[in-house]
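Please examine the sequence and the structure shown below. The paragraphs that follow may be read alongside the coordinates.

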Amino acid sequence: MALTSTLRSMLASACRIARGVLGSDAYDHYLRHHEITGCAHAPLSEREFWRQRYAEQDANPGSRCC
Amino acid sequence: MSHNAQPEEPEAVDRNGSAALTDPHPPTALPAEDYARDHRWTPAKIAIWATIALLGGLGWVMLALVRGEHVNGIWFVFASVCTYLIGYRFYSKYIQDNLVRPDDRRATPAEYAYDGKDYVPTDRRVLYGHHFAAIAGAGPLVGPVLAAQMGYLPGTIWIIVGVILAGAVQDYLVLAISTRRHGRSLGQMARDELGLVGGIAAFVATLSIMLIIVAILAMVVVNALGESAWGVFSVGLTIPIALFMGFYLRFIRPGKVMEVSAIGCAMLLAAIIGGRWVSESDWGQTLFHIDRPVLAWMIIGYGFLAAVLPVWVLLAPRDYLSTFMKVGVIVMLALAIVLVRPALQAPPLSEYASRADGPVFAGPLFPFLFVTIACGALSGFHALISSGTTPKLVEKESQTRMIGYGGMLMESFVAIMALVAAASIDRGIYFAMNSSFAATGGTAEGAAQFISSLGLTGVSVEPEVLEHTAQQVGEHSIVSRTGGAPTLALGLAGIMKRVIGGDAMMAFWYHFAIMFEALFILTAVDAGTRVARFMLSDVLGNVYQRFRDPKWTAGAWITTAVMVAGWGSILVMGVNDPLGGINTLFPLFGIANQLLAAIALSICLVVFARKGRRWTLLIIAVPMLFTAVITVYGSYLKIFSPVPAIGYWANHQMFKEALANGETSLGLAGSVEEMQTVVFNTAVQGSLSILFVVCALIVMIVAVWRTIQALRGQNLLNTEEEPVESVYYAPSGLGASPSEKALQAQWAQWLSRHPEKDFSTRGGGH
């Protein structure tokens with residue numbers, strides 16, 4: 001039993017790391033920021049958040065390497 | 001921590017508020033005594049490091065000294081990995097303790113400027129992968145393939161020694177100084193540290209170097225896809241696949257990046273499999289069998305569109321796909337090399353190691369080997385990633401060693417694997433694939449003749465073998481497929497088919513490799529064009545304010561068109577070059593990239609001289625000097641060498657005179673038109689060489705002057721941000737030591753009482 005739970009937690013953290021590397025967790029970070037900074041307005045929906053995020057990337061591109 | 005022993009910063013500002021007074025948080029850095037306890041030498045540790053040293057030593061002996069039949073690829077893994085471990089554990093630790101001296105009690109930009117978007121303290125393992133995916137691309141895969149012309153040993157030594165003493169040092173230091181400066185970009189730091197003239201020179205160098213890098217990477221893709229219906233079809237399909245992914249993320253399931261990347265990846269595999277069927281059909285041949293010059297124009301058009309369209313349409317989804325593939329492929333390749341243990345066909349040193357007339361790239365080993373390998377050992381381009389993007393995500397200053405130095409070690413390992421793959425190909429096939437079209441005539445017979453005319457001992461190839469190999473990988477011909485990508489693909493296919501699929505899968509693996517290289521490169525083309533466009537509009541904004549407005553469409557189109565014309569003209573020039581574009585242009589790419597590294601190291605030198613470092617500045621000065629010597633000497637040869645195969649101007653002059661004398665063919669150029677092309681191309685290449693080296697020299701001279709001033713105690717600017725006291729803790733290395741784990745547990749308890757200080761998405765209860 002201990003082994004399966006270790007395996008499961010390893011798999012979960014591998015999944016979390018993969019999501020992070022790909023940037024899939026951006027909305028989670030945004031929500032967390034919203035929560036602890038105590039903004040009065042409701043947080044953006046996931047759809048709205050990603051729209052804004054891509055709009056920001058349009059204005060401020062990141063570099064990729066050779 | 002031991003490196004906190006000498007605090008050199010003024011008292012940090014307390015921003016904890018009153019909560020800290022009643023319930024003080026645990027220490028934000030590991031206390032020195034705990035650090036010492038964790039790092040005490042025990043007999044077990046000594047035994048482990050002795051074993052690593054012995055294994056690495058054995059690897060090097062097998063590579064360099066033992067002369068058997070064929071050296072086994074596995075020794076490259078031992079020699080490189082053990083050397084990396086030792087370099088990381090001892091040299092980067094020395095740099096950290098004596099030069100960088102990170103202070104974990106200082107908040108990083110991710111903490112003090114936390115905004116949940118660009119500035120987010122990011123788990124160090126996530127950030128390692130993120131940083132690696134941003135720095136790694138096609139460069140480390142291509143350079144070592146070309147360098148295999150000289151045998152495997154010079155390349156291997158430079159990739160491994162170069163990364164430890166130069167490449168990883170640069171990445172680490174740039175990351176460290178940018179983290180202390182609010183994640184400022186290399187260009188901004190150049191202006192801050194070097195003043196106006198140095199700043200402008202650094203800007204011109206960066207922009208023009210970016211364009212040449214994009215152009216030559218695009219040429220690698222054109223050469224890999226030219227006249228290959230299968231390749232054009234499967235790589236071409238990445239565009240609709242990316243469009244689909246963008247649409248899916250915007251309208252169907254926003255934010256499900258992992259999910260859509262997996263779907264996209266499955267579609268890519270289907271596109272590769274379907275490519276065989278398409279390439280074997282008549283309509284497939286008519287539609288997708290495209291000549292190189294036409295392909296070049298298509299990539300130019302694509303680059304323009306990708307840079308003006310909103311990022312969600314094409315750029316962002318491609319980037320996900322590319323990251324997804326990158327990490328997967330590299331892990332797969334490492335496993336395959338360990339499993340298959342291929343025997344190398346290349347000798348340690350070939351005839352070309354001591355000559356200057358190699359058919360793959362021209363010029364003597366010193367300096368051209370060092371500029372050809374480019375990204376795998378030292379890459380100036382990484383300085384653009386290490387500043388700006390990654391520093392806004394680092395949790396702790398002490399993590400910059402693992403992310404900056406460690407990330408670059410991984411890139412070097414990719415280069416080693418590429419070298420193994422390229423060196424495991426039969427030498428005759430290797431030269432047939434990498435000699436220019438003009439040399440081989442593009443036919444199997446011509447290639448076989450050309451190879452035997454080279455007069456290399458033990459290197460020959462039958463035309464039938466070339467035809468058979470082409471058939472095996474599903475191509476009409478593999479002759480003169482220059483640029484490195486097809487050679488690497490053939491090497492990889494040879495290795496991968498022994499793990500999965502056998503001969504029947506050879507063509508699949510070949511096109512799989514072509515696909516992922518093209519994917520990396522096209523992503524770099526998109527992003528490079530976009531970044532270059534923003535750099536240009538920033539400058540034009542000084543003249544006409546409106547260029548700074550990102551919403552002004554006409555402005556975006558104009559600046560994009562200028563930048564695309566910049567790299568596009570070099571691309572078209574290279575594709576039509578009678579002398580073989582890769583042969584003449586690749587050294588320019590390498591020189592450009594290494595010059596950027598010299599610029600980055602110069603900035604680090606000034607920064608640390610102004611911090612009051614003395615002898616430890618040699619850690620920066622030595623690789624900087626070496627890079628300066630190889631690039632300036634390389635440029636000198638390219639500009640002034642009287643040998644036409646090496647010097648652009650000598651070649652220019654020779655063709656000009658021949659034309660003036662009424663000759664109608666010369667060397668590889670068979671007509672007056674081709675000769676005129678050579679005259680024009682060499683003039684452009686020669687001028688670019690001069691531009692790069694002049695800009696880089698200005699930066700280096702200003703930097704050295706500022707450093708001497710600093711050593712004399714003059715002009716000691718401090719460009720760091722005011723220190724802010726950290727209220728955050730995370731371990732430094734990839735794993736956590738026992739004391740670090742204990743401290744993490746203390747923090748977990750404290751954060752449960754102060755959830756408002758917990759930035760992690762797991763702690764928030766959702």
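Residues are numbered from 1 along each chain as its sequence is written, and chains are lettered from A and ligands numbered from 1 in the order in which they are written.

The model scores ipTM 0.92 and pTM 0.94. For chain B the mean pLDDT is 92, and 97% of its residues reach 70 or more; pLDDT is the predictor's confidence in each residue, from 0 to 100. Residues 1-19 of chain B, however, have a pLDDT below 50. Beyond near neighbours in sequence, this stretch has 35 contacts in the model, two residues being in contact if their C-beta atoms, placed from the backbone, lie within 7 Å. Where pLDDT is low, predicted coordinates should not be read in detail.

Chain B contains 29 helices and zero strands. Helices (H or I, at least four residues) and strands (E, at least two) are DSSP runs, numbered from the N terminus. The radius of gyration of chain B, taken over C-alpha atoms, is 26 Å, close to the 27 Å that the globule rule gives for 766 residues, so chain B is as compact as a globular protein of that length. The globule rule is 2.2 Å times the number of residues to the power 0.38. Along the principal axes, the C-alpha atoms of chain B fill a box of roughly 85 × 60 × 55 Å. Among contacts in chain B between residues at least 6 apart in sequence, 82% join residues at least 24 apart.

UniProt, in an unreviewed entry, lists residues 72-633 of chain B as "domain: CstA N-terminal". UniProt positions are given in the numbering used here, feature names are shortened, and annotations may be inferred rather than shown by experiment. Over residues 72-633 the chain is 73% helix and 0% strand, with its end C-alpha atoms 35 Å apart.

Buried residues make up 56% of the 766 residues in chain B. A residue is buried if 20 or more other C-beta atoms lie within 10 Å of its own, exposed if 12 or fewer, and partly exposed in between, with C-beta atoms placed from the backbone. The largest nonpolar core has 242 residues; such a core is a set of buried Ala, Val, Leu, Ile, Met, Phe, Trp, Tyr and Cys residues joined through C-beta atoms within 7 Å. Among the residues that touch the most other members are B:Ala205, B:Ile212 and B:Ile521. Helix α9(B) gives the most to this core, with 23 residues. A second, separate core of 12 residues includes B:Ala29, B:Tyr729, B:Trp747 and B:Leu751. Leaving aside neighbours within four places in sequence, B:Ile212 is in contact with B:Ile570, B:Leu588, B:Phe589, B:Ala592 and B:Leu688.

How do the two chains meet? At their interface, 51 residues of chain B are in contact with 31 residues of chain A. On the side of chain B that touches chain A, α6, α9, α11, α14, α16 and α23 each supply at least two residues, and α6(B) gives the most, with seven. The residues of this side divide into 31 nonpolar, 14 polar and six charged. Here Ala, Val, Leu, Ile, Met, Phe, Trp, Tyr, Cys and Pro count as nonpolar, Asp, Glu, Lys and Arg as charged, and the others, Gly among them, as polar.

A:Ala12, in helix α1 (residues 2-22) of chain A, counts as exposed because it has 10 C-beta neighbours inside 10 Å. B:Asn651, in helix α27 (residues 648-660) of chain B, is buried, with 26 other C-beta atoms within 10 Å.

Some backbone details remain. Most residues other than glycine have a negative phi, and most peptide bonds are trans. A cis peptide bond joins B:Phe366 and B:Pro367, with omega about 5°. B:Arg341, in the loop between α14 and α15 of chain B, has a positive phi near 50°. B:Asn715 likewise has a positive phi, of about 55°, and is found in the loop between α28 (672-711) and α29 (738-753) of chain B.

Key:
Predicted model: local features only at pLDDT ≥ 70, side-chain atom pairs only at ≥ 80, totals over all residues.
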